[in-house]
Amino acid sequence: MSAILKTISLGKSFGGLAAVSEVDLSIDEGEIHCLIGPNGAGKSTLFRLIVGTYPPTVGQIVFKDQDVTLQRPYERVKLGMSIKMQTPSIFKQLPVRQNIHVALQDHVPKHLLAGETSRLLELLDLSGDADKVAGALSHGQQQWLEIGMALALKPALMLMDEPTAGMSPEETHRTGLLIQQLNAQGMTLLVVEHDMTFVRQIAQRVTVMHFGRLFARGSIAEILADPRVAEIYLGKPHEH
Amino acid sequence: MLSLLNGSQTVGNGRAFWISFVVVLGAALAYPAIADSYTVGNFAYFFIWVFMALGLCLMWGYCGMLSFGQTFFFGISGYSYGVLAINFGGGGATVAALLLAVVLAALCALVLGYFMIWGRIGGVFFGIVTLSATLVLAFFIGHTAGPEWHIGGARLNGFNGMKGMDPINIPWFGGESIYFEGTSLYYLVLALIVVVYLALRILVNSRFGNVIVAIREDPQRAELLGYDVRKFQLLTFMVGSSLAGLSGALYTSWGQFITPSSIGMPAAAMPIVWVAFSGRGDITATLVGAFLITLVFQSITVHSQQAALLLMGAMLLTTVMVAPAGFVIGITRGIARFARRRLAGTSVRKA
């Protein structure tokens, strides 16, 4: 399977601190790829590099066989990338419907816009709250709204940074089902997540980051069986 | 047509609003028939400032860019109209002078806006840079009193101001010209207000309007939805500043003079007060509020300019503390809530 996204020796330093270094990541078209690692491992920074909100210090990003390293975020989005940020990034003072509308308006013919907005709101279970301001939604609903806005762009690659943070177990499970449904329709997903139950539910391949570098990669079973991964998550076992 | 004019970005969208709009417009059209020509001329003067306020409302209220530079573009266009009208020799060329003056303001906005927006100047610094621009222009023009400061036949004339330009006029049959002064200026400016107001309603309720409101809320998210935020901001800045330019050119035509005091610090603060007090989130509120405030301000200025300035300051403070969304919007929403409650009460009693 061909890679939809590749990072080549990608690195980002803030002052003297290397947040991400020498990352060679390859995401195959059509897969659900999970990125895990302890807090501060550089996962969110890597996401920001991929989507373009941080410029890399070194390295290259190739998306759909195009070098996008110097492209601005909106150009990458136009190429087919979409992101759901770690904390809900929505237009909080605007009605829920308008949040979806502004995301959809360039991707749907005008006469279909109202219908498509309603369809998405229904998919997100937000139809009843469509006229509320987005800031009045619960945290979990705000997460769903942002997922909806990211989906409205009909991306080829969806980046999700902790999509289930703050969600109830039921909402988390539903989010997993949604991700699997989107993947079945051909979407590639790169998901950062801490919740290992959720990762088990969705992941086809897993990459582990530690101290800004790629630490391990493989299937979920291989990763869970890797003692080095358990060590960085749980700490080194004491030797007596 | 109404579907283009109405939308989530404007407060008044219903049948009652449009009936009120037609009634107010009808009253405005009939006003010169019942008022004396001096008062009508004064009303034309109050109307002239509305464009500047609408431009700021678009930039600040809709796109989140607080520009203190409306008077910069007002001055550029006002002086340009004077220079062009004098050098073109008056007559029908004054219309070309008006249009060119607004285009010049737009070009200045393009250059200044490009450096600010591409240079990532945002938030409070946007206000500081635009305020600096207007203060520098006022200072510069103030120091052009000598006879060497002229463009063609037009002397800038420092603090005494530029004068001698014709008002806007068009040639008419029989070698006559129609001069837009008094009542005819009133109708010209009223027509321009209607056109600009309706055009802005269409703009803010369009795809473009949805995007600039999204940019106001969260520029990064707007960019991550695939919009080139800088282009939208620059275009908004150009439209808003051009409207200040339209006010400037009309002002010079109205009084046939312009001085640097119309560009300086007190003048620069006025549009902020008008728009903040009226309600920056809605162009109708800004239109109504800006007109009423200039009317009240001018009425008080006749007796005491100091008292009028104090009133402006007090209005700004009261708005910030009591009604941050603006008084015109606040009062309108209050009336609408009251009417809804009364209607609900009536239907409950009927049931």
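Select β7 (residues 157-161) and β8 (residues 188-192) of chain A: these strands run parallel and are joined by five bridges. Strands here are DSSP runs of E with at least two residues, helices are runs of H or I with at least four, and both are numbered from the N terminus. Two strands pair if DSSP finds at least two bridges between them. Within this pair, A:Met158 stands opposite A:Leu189 of β8(A).

This is a predicted model, in which local features need pLDDT of at least 70, side-chain atom pairs count only at pLDDT 80 or more, and totals for chains, interfaces and linings use all residues. Residues are numbered from 1 along each chain as its sequence is written, while chains are lettered from A and ligands numbered from 1 in the order in which they are written.

Strand β9 (residues 205-210) of chain A runs antiparallel to β10 (residues 213-218) of chain A, with five bridges between them. A:His210 has A:Arg213 in β10(A) as its bridge partner. Two residues lie between the strands of this hairpin, where A:Phe211 takes a positive phi near 50°.

**Helix α1**

Select residues 43-51 of chain A, which form helix α1; eight of its nine residues are buried. A residue is buried if 20 or more other C-beta atoms lie within 10 Å of its own, with C-beta atoms placed from the backbone. Among the buried residues of α1(A) are A:Lys43, A:Leu46, A:Phe47 and A:Arg48. After the helix comes A:Gly52, with a positive phi near 100°.

**The four-stranded sheet**

Which order do the strands of the antiparallel open sheet of chain A take? The order is β2-β1-β4-β5. Its edges are β2 (17-28) and β5 (66-67) of chain A, each with a single partner strand, so one side of each is left without a neighbour in the sheet. Inside it, select β1 (residues 3-14) and β4 (residues 58-63) of chain A, which pair in the antiparallel sense over five bridges. A:Gly11 stands opposite A:Val58 of β4(A).

**Chain A as a whole**

Of its 240 residues, 44% count as buried.

Colour domain 1 (3-80 + 155-234) and domain 2 (89-150) of chain A; such bounds come from an automatic or database domain assignment. Their C-alpha centres lie 25 Å apart. Seven residues of domain 1 are in contact with five residues of domain 2, where contact means that the C-beta atoms, placed from the backbone, lie within 7 Å.

**Chain B against chain A**

Last, show chain B: 16 of its residues are in contact with 22 residues of chain A. On the side of chain B that touches chain A, α8 (207-217) and α9 (219-223) of chain B each supply at least two residues. α8(B) gives the most, with six residues.

Definitions and conventions. Contact = placed C-beta atoms within 7 Å. Buried ≥ 20, exposed ≤ 12 C-beta atoms within 10 Å, placed from the backbone.
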